[in-house]
Amino acid sequence: MTTVPTPATAPVEAESEAALSLESVDLTYPDGDRRLTALDRVSLAVAPGELVAVAGPSGSGKSSLLAVAATLLRPDAGRVVVAGRDTTGMSAAERTRLRRGRIGIVFQQPNLLPSLTAEEQLLAVAHLRGEKVRASRARAAELLESVGLDGAKRRRRPHRLSGGERQRVNIARALWGEPSVLLVDEPTSALDHERGERVMALLADVTRRHRTATVLVTHDRALLGRADRVLTLRDGRLDGGPAHSSGPVTTSSSSSSLCA
Ligand SMILES: Nc1ncnc2c1ncn2[C@@H]1O[C@H](COP(=O)(O)OP(=O)(O)OP(=O)(O)O)[C@@H](O)[C@H]1O
């Protein structure tokens with residue numbers, strides 16, 4: 001009897017596929033009777049376990065890029081593919097499901113609920129997802145430990161945690177649904193340099209251990225050493241675009257749609 005060996009390369013090939021890709025994405029906003037171009041033919045592919053940092057001046061389109069990647073905004077043109085699924089024709093409900101199952105978002109401000117302990121912040125997510133809270137306790141403790149919060153701190157409310165610790169809770173919470181894609185908006189803006197560096201180190205570590213395709217946007221070039229790739233947005237163009245003006249470009253293109 002002959003057996004066919006499983007190709008040893010199969011898992012590696014699967015891993016090398018992008019978990020997030022933006023293909024020639026345009027995004028505009030209404031601007032009086034014209035449209036303001038926030039993203040101009042932006043293409044980006046991020047593999048599992050890869051941390052891509054996007055830097056750029058204020059108004060260059062960083063938050064817009066994250067909103068499109070998070071499927072919160074629908075681009076005017078181009079495709080956004082998350083975990084192999086093209087989001088172009090999806091309804092708002094389908095995008096919400098995809099976001100819940102595949103995308104973790106770390107906002108600039110942790111937005112923790114003041115009356116809940118660190119552990120309860122994660123249990124609240126479990127509750128909202130319809131998961132059994134009792135079964136979730138061990139996982140909450142494990143996730144908080146993995147972002148460096150010890151037992152005593154896990155039982156503290158946000159006002160008794162430092163800014164860096166609150167950001168760690170924020171990151172653990174974003175990982176609850178085991179996302180394929182982690183989108184991080186200016187995570188260190190409220191922190192001093194040293195705490196900012198530690199949060200960056202944590203994000204790099206989380207990206208490797210959880211195999212997330214991570215995109216982080218920041219103003220702060222000093223924090224980019226931990227990223228696998230650093231890209232720059234200028235006037236809505238990712239890297240290499242002509243540096244012909246310092247402000248956003250205004251055009252009269254067709255309408256975009258903002259989604260919930
Ligand atoms: N809802 C909106 N309506 C109209 N214009 C918008 C809207 N949101 C952003 N813009 C414009 O789109 C461009 C890109 O904005 P975006 O917030 O993506 O930039 P950013 O790089 O994240 O800026 P910052 O670093 O200051 O947060 C800017 O010119 C901004 O004024």
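Good morning, everyone. Please keep in mind throughout that the structure above is a predicted model.

I will begin with the protein as a whole, whose secondary structure comes to eight helices and 13 strands. The protein has 260 residues, of which 42% count as buried. If we take the contacts between residues at least 6 apart in sequence, we find that 72% of them join residues at least 24 apart.

Let me turn to the helices. Two packed helices are described by the angle between their axes and the distance between the axes.

On the H4 side the contact is made by Ala118, Glu119, Leu122, Leu123, Ala126 and His127, while H5 contributes Val133, Ser136, Arg137, Ala140, Ala141, Leu143 and Leu144. Sorted by class, this contact of H4 with H5 has nine nonpolar, two polar and two charged residues.

H4 also packs against H7, at an angle of about 25 degrees and with the axes 10 Å apart. Angles under 35 degrees count as roughly parallel, and H4 and H7 are therefore roughly parallel to each other. Here too H4 passes its partner, H7, in a right-handed crossing. The residues involved are Ala118, Gln121, Leu122 and Val125 from H4, together with Val169, Ala172 and Arg173 from H7. By class, the contact of H4 with H7 has five nonpolar residues, one polar and one charged.

The residues of the contact between H7 and H8 divide into five nonpolar, three polar and three charged.

Is Val206 buried or exposed? Val206 is buried, because 25 other C-beta atoms lie within 10 Å, and the cut-off for a buried residue is 20 or more. Leaving aside residues up to four places away in sequence, Val206 touches Ile171, Leu175 and Thr212. The C-alpha atoms of Val206 and Ala172 are separated by 9.3 Å, although the two residues are 34 residues apart along the chain.

Finally, I come to the ligand. Which residues come nearest to the ligand? Of the 13 residues around the ligand, these are Tyr29, Ser58, Lys62, Ser63 and Ser64. Strand S2, at 34-46, and helix H2, at 62-69, each supply at least two residues of this shell, and H2 provides the largest share of the shell, three residues. By class, the shell around the ligand divides into four nonpolar residues, eight polar and one charged.

How values were computed. Residues are numbered from 1 along each chain as its sequence is written. This is a predicted model: local features need pLDDT of at least 70, side-chain atom pairs count only at pLDDT 80 or more; totals for chains, interfaces and linings use all residues. Ala, Val, Leu, Ile, Met, Phe, Trp, Tyr, Cys and Pro count as nonpolar, Asp, Glu, Lys and Arg as charged, and the others, Gly among them, as polar. A residue is near a molecule or strand if its C-beta atom, placed from the backbone, lies within 6 Å of it. Helices (H or I, at least four residues) and strands (E, at least two) are DSSP runs, numbered from the N terminus. A residue is buried if 20 or more other C-beta atoms lie within 10 Å of its own, exposed if 12 or fewer, and partly exposed in between; C-beta atoms are placed from the backbone. Two residues are in contact if their C-beta atoms, placed from the backbone, lie within 7 Å. Axes are lines fitted to C-alpha atoms, for helices over the stretch in contact, and angles run from 0 to 180 degrees between N-to-C directions. Angles under 35 degrees count as roughly parallel, over 145 as roughly antiparallel, 65 to 115 as roughly perpendicular and the rest as oblique. A crossing is left-handed if the near helix is turned anticlockwise from the far one by less than a right angle, and right-handed if clockwise.
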